[in-house]
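Hi,

Here is the structure I promised to send over. Have a look at it first, and my notes follow below.

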Amino acid sequence: MLFDSTLSLKHNVQIMKARNFRYIRPDSLQHAYRILEENGGDAVPIAGGQSLLAGLNMRLSAPKLLVDIGGLKELAGQSQRDGTIRLGALTRHGELLQSDLVRKQLPLLAQAAAHIGHVAIRNRGTLGGSLAYADPAAELPACSVALRATLVLGSAAGEREVKAEDFFKGLFETDLRPGELIVAVKFPAPQANTTAGFAELARRRGDFALVGLAAMVSARRDRIEGARLVYFGCVDRAKVAASVSVAVSGLAMPVLDTAAFEREIRQDLTPDDTPGLRAETKLHMATVLTRRVLNSLVMQAAS
Ligand SMILES: Cc1cc2nc3c(=O)[nH]c(=O)nc-3n(C[C@H](O)[C@H](O)[C@H](O)COP(=O)(O)OP(=O)(O)OC[C@H]3O[C@@H](n4cnc5c(N)ncnc54)[C@H](O)[C@@H]3O)c2cc1C
C-alpha cells in the first residue's frame, strides 16, 4: 500500500521521508558513467550518503534514481608516485585520520578530518562526496585548496583535471558537469620548509564550523616567508584569502599583534550576518584563529 510519507503528528511535529526513488549499484566505473549518462538529470550518485540522504529526507531534492558508487574499487585507494599523492574519491574521512601516508605527507587532511562530524559520519562520509557537495562550512574543500589539489573528474566522455581553486564556484556550486564523477584527488607532496596549520571554532565538538582556517605556511628563522590561507564557515566557498596571505608573509613569529592583517581579513571574507551570529563576530573569530594557527606553527617547530 502506498501512503503519503509526510506524517502530521500530534503537537504539529512533521516526519519527513524521501520521495520514492530507484536504486542501482553499478559493477564498474564505466557502468556508473553509462547509467548517469542514460538517465540525465534523473540520476544522482550516492557515496557515503551522509549529506545526500539528509537532503532527500527533507525533500530538498527528489532524484528518480540513486546510483550507489560506494563499492566501486576504481574510486578507492591511496598511492604516491613522482611527488604526487593520489587519494581515491571514496577515501573515508576516518581513513584520512588513520592513513600513515596522509598523516606523514598531508597532515592538514588528518588534522581537519578529526573535526568532521562524529565517528559514525567519518566512517561513511567520503572525500569525493565532501568536495562534490561543496558546503562552505566543510573542512575538506578548504584543505584541498590550501594544499593545491587537483581533482580528477570522469564521465562517459573521458577524464579531465581541474584545480581545486577553480572547482568551487559558489555556495554549494562546483565545476562538476552532468554525468561527471570525482574519481580521485591529487595532491603535490609538500615542500620541505612548509608546515600545515588548522583550527576551527564550532558551537560543539562535531558541529559544522562557524569559522575555520586551513593554512600552509613556509617559514625561516621565526619569520613567515609565504602563506596560503583558506577560511571556511565564514565565506561562500573555498578560496585562497589572497590579501591576508600576503599580509602575514614577512611577519615575525610568534605573532603578537593582529593589526597587520585585520583589514585584509575584512577585505577577503565579507561574511553575512546569520541567525545567532553577526558578521562582525565572525570577522573577530577569523582574526583570533589566524593568530592562533600561525602561532601553532612555532609550537610545532619547537616540539
Ligand atoms: C550530523 C552530521 C554532521 C556532519 N558534520 C560535518 C562537518 O562537521 N564537516 C563536514 O565537512 N561535513 C560534515 N557532515 C557531512 C559529511 O562530511 C559528508 O560525509 C560529506 O559532506 C559528503 O560525503 P558523502 O560521501 O557522505 O556524500 P553523499 O552524501 O553520498 O553525497 C553528497 C553529494 O555529493 C555527490 N557525490 C558524492 N560522491 C561523488 C563523487 N565521487 N563524484 C561526484 N559527485 C559525488 C552526491 O551526488 C551528492 O550530491 C556531517 C554530516 C552529518 C549527517
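Strands here are DSSP runs of E with at least two residues, numbered from the N terminus.

Before going on, some ground rules: this is a predicted model, where local features need pLDDT of at least 70, side-chain atom pairs count only at pLDDT 80 or more, and totals for chains, interfaces and linings use all residues. Residues are numbered from 1 along each chain as its sequence is written, and side-chain values use heavy atoms, with hydrogens and water left out.

Two strands count as paired if DSSP finds at least two bridges between them. On β13 (residues 194–201), β14 has another antiparallel partner, over eight bridges; there, G197 has A215 of β14 as its bridge partner. Eight of the 10 residues in β14 are buried (under 20% relative accessible area with a 1.4 Å probe, protein chains only; exposed is over 50%, partly exposed in between).

What about disulfides, meaning pairs of cysteine sulfur atoms within 2.5 Å? The count is zero. C143 is in none, as the nearest cysteine sulfur, that of C234, is 14 Å away. Seen from C234, the closest cysteine sulfur is the one in C143, and 14 Å is too far for a bond. C143 is buried at a relative accessible area of 0%, and C234 is buried as well, at 4%.

Cheers

Technical notes: Helices (H or I, at least four residues) and strands (E, at least two) are DSSP runs, numbered from the N terminus. A disulfide is a pair of cysteine sulfur atoms within 2.5 Å.
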